[in-house]
Amino acid sequence: SAGFLMEIDSFEAATIYLMRKNGQCGVRAVDGRRRDDHEQWRGEDGYRCRMKPDRQTTILTIDDESVIRQSIHAYLEDYDYRVLEAENGQIGLDVFRRERVDLVLVDLRMPEMGGLQALSRIRQISPDMPVIVVSGAGDIGDVVAALRLGAWDYLMKPIDDMSILRHAIDQCLERAHLIGENKRYQSELEE
């Protein structure tokens, strides 16, 4: 079908496509019909589409301040994320081990087990897990320590504009998806 970005016979072979400027998805089946097994959204550099996930994306929020957890929960739920909450690092690790989590938001300063320790343990369990530190501790040493331990991003509290949080989450999830696709592709090549 002329004018579209690409034509494919197996949508699963593709991950994310830049779409036409008018927002119409460029993904079509070989016979030209529209595909309904993908989602589309407006990105910074144009409209994009990708395969719909087979389940709701799950985000674990680890923060000792219940007001922060609840506001993040309410905001992300509006965007169709499943949000789990934990009030400290130890409980967060328990939830992380028990549930299928796609991304972790963690505060640094918490009782029982702090965010840096929780981040370190999460990375040991799942090295490719996207972790975003969301902390009011503005110490540059904490930022450096978190990034060295494998945090994918660091946001300062208070988050006045929650769309910044959503943007960071979307970027980390897209990166994680691409890393997973790359690993699957490399695995298939080795077989």
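At what angle do α1 and helix α5 (residues 162-190) pack, and how far apart are their axes? The legends below, which describe a predicted model, begin with this pair of helices.

**View 1. Packing of helix α1 against helix α5.** The two helices meet at an angle of about 70 degrees, and their axes lie 11 Å apart. Because angles of 65 to 115 degrees count as roughly perpendicular, α1 is classed as roughly perpendicular to α5. The crossing of α1 past α5 is right-handed. On the α1 side, the contact is made by S71, I72, Y75 and L76. Their partners in α5 are M162, S163, L165, R166 and I169.

View 2. Five strands build an open sheet, arranged as β5-β4-β6-β7-β8 with parallel pairing. β5 (82-86) and β8 form the edges, each pairing on one side only. From one strand to the next, the twist averages 20 degrees. Strands of a sheet pair through backbone hydrogen bonds, in either a parallel or an antiparallel arrangement.

**View 3. Pairing of strands β7 and β8.** Parallel pairing joins β7 and β8 over 4 bridges. Within this region, I132 stands opposite D153 of β8. Helix α3 packs on the sheet, where it touches β4, β6 and β7. The direction of α3 makes about 165 degrees with that of β6.

View 4. Helix α4 spans residues 140-148, and its buried residues include D142, V143 and A146. These three residues are on the same side of α4, because they cover an arc of only 100 degrees around the axis. An α-helix has 3.6 residues a turn, so residues three or four places apart point the same way. On the other side of α4, I140 and R148 are exposed.

View 5. Just after the helix, G150 adopts a positive phi of about 115 degrees.

Key
Residues are numbered from 1 along each chain as its sequence is written. This is a predicted model: local features need pLDDT of at least 70, side-chain atom pairs count only at pLDDT 80 or more; totals for chains, interfaces and linings use all residues. Side-chain values use heavy atoms; hydrogens and water are left out. Buried means under 20% relative accessible area, exposed over 50%, partly exposed in between (1.4 Å probe, protein chains only). The arc is that of the directions from the helix axis to the C-beta atoms. Two strands pair if DSSP finds at least two bridges between them. Axes are lines fitted to C-alpha atoms, for helices over the stretch in contact, and angles run from 0 to 180 degrees between N-to-C directions. Contact means heavy atoms within 4.5 Å. Angles under 35 degrees count as roughly parallel, over 145 as roughly antiparallel, 65 to 115 as roughly perpendicular and the rest as oblique. A crossing is left-handed if the near helix is turned anticlockwise from the far one by less than a right angle, and right-handed if clockwise.
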